[in-house]
Amino acid sequence: MNHFYSRPEDLPPRNPVDDSLQRNIDQAITGYFYETCDHLTQRVLSRGGWYVTTCGTALTLVIICVDRRHNWDVLKYMSSLGKYLKEFAPTTNIRIYPPPGDGTSLQMTFKMPMMSE
């Protein structure tokens, strides 16, 4: 399987229209993702800051935890969050930022299994 790869300097320059379109796409996916989640998962997300971004090679859910309790709740819901994210893209990431002073970020990658022919 051939994959096309370009270094960042080989890509055409980005312009404000591209950035605006990227923000609109991210906001739309964020809204659809939230609506897809069950009530308990929505409540966990609502307790802190979070957003979905399509920048990079995979759809990424970024969660900023406000305290240790929220961080623990997010970790308990990782598989549920991954399940909902996989409805939008075959490869997804969840990046969790703990409260300030409580360590470093954690990133998990979820990939859908390849279908056999």
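User: Is Asp73 buried or exposed?

Analyst: This is a predicted model, in which local features need pLDDT of at least 70 and side-chain atom pairs count only at pLDDT 80 or more, while totals for chains, interfaces and linings use all residues. Residues are numbered from 1 along each chain as its sequence is written, and side-chain values use heavy atoms, leaving out hydrogens and water. Buried means under 20% relative accessible area, exposed over 50%, and partly exposed in between (1.4 Å probe, protein chains only). Because the relative accessibility of Asp73 is 8%, this residue counts as buried.

User: Which residue meets Asp73 in a salt bridge at 2.6 Å, N to O?

Analyst: A salt bridge is a side-chain nitrogen of Lys or Arg within 4 Å of a carboxyl oxygen of Asp or Glu. Helices (H or I, at least four residues) and strands (E, at least two) are DSSP runs, numbered from the N terminus. The residue that meets Asp73 at 2.6 Å is Arg47.

User: How far apart in helix 3 are Asp73 and Arg69?

Analyst: The side chains of these two residues, Asp73 and Arg69, also meet in a salt bridge (3.7 Å, N to O). Arg69 is exposed, with a relative accessible area of 54%. Asp73 and Arg69 are separated by about one helical turn because their spacing in helix 3 is 4 residues.

User: What is the distance between the closest N and O atoms of Asp67 and Arg47?

Analyst: Asp67 is partly exposed at 30% relative accessible area, and Arg47 is partly exposed at 34%. Asp67 forms a salt bridge with Arg47, and their closest N and O atoms are separated by 3.6 Å.

User: Which elements give two or more residues to the nonpolar patch?

Analyst: Patches are made of residues with over 30% relative accessible area and no salt bridge, where like charges are joined within 9 Å and nonpolar side chains (Val, Leu, Ile, Met, Phe, Trp, Tyr) within 5 Å. Trp72, Leu75, Leu106 and Met108 form such a nonpolar patch on the surface, with about 370 Å² of accessible area together (Shrake-Rupley method, 1.4 Å probe; for residues, only the protein chains shown count as cover). Two or more patch residues come from each of helix 3 (68–76) and strand 4 (106–111).
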